[in-house]
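Look at the model and its sequence together.

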Amino acid sequence: MLPMDAAINLRQQCSHFRVLVIGRANAGKTTLLKKVCNSVEDPEIFTPGGERIDLVIIEASAERSEHDIENQLIFKSNPQFIFHDSRGFESGSATEIQKVKDFIDARSASSTLSDQLHAIWYCMPTDTNRPLLSADEQFFEVFGTGKGK
Ligand SMILES: Nc1nc2c(ncn2[C@@H]2O[C@H](COP(=O)(O)OP(=O)(O)OP(=O)(O)O)[C@@H](O)[C@H]2O)c(=O)[nH]1
Ligand SMILES: [Mg+2]
């Protein structure tokens, strides 16, 4: 636990908490985020540059925007959280794992606290007999051994 003055100093440097959420489709990511932010509404979506993406667009592209890891999801009810949503690796695609790894690497390389990731939440469905797929294991192998650095 941080001493109070260190915590206040950090909050002055950075007004939000940036979280990457990873989990396959239907894992319950959005449900979890809504609970955390006490929201019944969907989040607003912003580009990496902070421009709001207008969701009065066709549903398929709203869906794409939401799951584009670079975009920032913010709930009006709790704007102190900025979320990045990644749909996980169910296809087992190496490209998907690489995309997430590149994103994590780029955010770790930033020396600006507000741009860095402050947490990664990995959501796994527990009502299935396969909560962990081989692609998930691959991901943890890369990051668990420090090879992802
Ligand atoms: N049984 C059960 N169902 C849940 C739980 N959390 C969410 N759901 C349901 O699972 C479905 C998918 O939830 P979402 O939160 O949309 O899942 P998601 O991970 O955001 O899915 P995508 O955005 O498509 O990747 C919804 O019908 C939820 O009501 C849970 O803890 N238990
Ligand atoms: Mg979702």
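Ser114 is in contact with Cys14, His16 and Arg18, leaving aside its neighbours within four places in sequence; contact means heavy atoms within 4.5 Å. Ser114 lies in the loop between helix α4 (94–109) and strand β5 (119–122). Helices (H or I, at least four residues) and strands (E, at least two) are DSSP runs, numbered from the N terminus. Between the C-alpha atoms of Ser114 and Glu51 there are 17 Å, and the two residues are 63 residues apart along the chain.

This is a predicted model, in which local features need pLDDT of at least 70 and side-chain atom pairs count only at pLDDT 80 or more, while totals for chains, interfaces and linings use all residues. Residues are numbered from 1 along each chain as its sequence is written, chains are lettered from A and ligands numbered from 1 in the order in which they are written, and side-chain values use heavy atoms, with hydrogens and water left out.

Next comes the interior. A nonpolar core is a set of buried Ala, Val, Leu, Ile, Met, Phe, Trp, Tyr and Cys residues joined through side-chain atoms within 4.5 Å. Buried means under 20% relative accessible area, exposed over 50%, and partly exposed in between (1.4 Å probe, protein chains only). The largest nonpolar core has 13 residues, and those that touch the most other members are Val19, Val21, Leu33, Cys37, Phe75, Phe81 and Phe83. Strands β1 (17–22) and β4 (81–86) each supply at least two residues of this core. A second, separate core has 12 residues, among them Phe89, Val100, Phe103 and Leu117. Leu33 touches Val21, Phe75, Phe83 and Trp121, if residues up to four places away in sequence are not counted.

Val21 is placed in strand β1. Why does Val21 count as buried? Val21 counts as buried because its relative accessible area is 0%. Beyond four places in sequence, Val21 is in contact with Lys29, Leu33, Phe83, His84, Asp85, Ser86, Trp121 and Cys123. The C-alpha atoms of Val21 and Arg11 are separated by 22 Å, and these residues are 10 residues apart along the chain.

One of the contacts of Val21 is His84, which lies in strand β4. His84 has a relative accessible area of 0%, so this residue is buried. Its side chain reaches the backbone oxygen of Ile69 at 2.7 Å. That pair is a polar contact, a pair of N or O atoms within 3.5 Å; within protein, one must be able to donate a hydrogen and the other to accept it, and residues adjacent in sequence count only if both atoms are side-chain atoms. Leaving aside neighbours within four places in sequence, the residues in contact with His84 include Arg18, Val19, Ile69, Phe103 and Leu117.

Glu66 is found in helix α3 (residues 59–66). Is Glu66 buried or exposed? Glu66 counts as buried because its relative accessibility is 19%. Glu66 touches Thr30, Ile45, Leu73 and Asp85, not counting residues up to four places away in sequence. With Thr30, the side chains are joined by a polar contact of 3.3 Å.

Thr30 leads on to the ligand. Which residues surround ligand 1? They are Arg24, Ala25, Asn26, Ala27, Gly28, Lys29, Thr30, Thr31, His67, Arg87 and Asp127; a residue is near a molecule if one of its heavy atoms lies within 4 Å of it. By class, this shell has 2 nonpolar, 5 polar and 4 charged residues. Ala, Val, Leu, Ile, Met, Phe, Trp, Tyr, Cys and Pro count as nonpolar, Asp, Glu, Lys and Arg as charged, and the others, Gly among them, as polar.

Oxygen atoms of ligand 1 lie 2.6 Å from a polar side-chain atom of Lys29, 2.8 Å from a polar side-chain atom of Thr30 and 3.2 Å from a backbone N or O atom of Ala27. Taken alone, ligand 1 exposes 650 Å², and the protein buries 51% of that. Accessible areas come from the Shrake-Rupley method with a 1.4 Å probe; for residues, only the protein chains shown count as cover.

Asn26, one of the residues around ligand 1, is placed in the loop between β1 and α2 (29–36). Asn26 is exposed because its relative accessible area is 80%. Its phi is near 70°, a positive value in a residue other than glycine. Asn38 also has a positive phi, of about 55°, although it is not a glycine. Asn38 is found in the loop between α2 and β2 (44–46), and its relative accessible area of 68% is why Asn38 counts as exposed.
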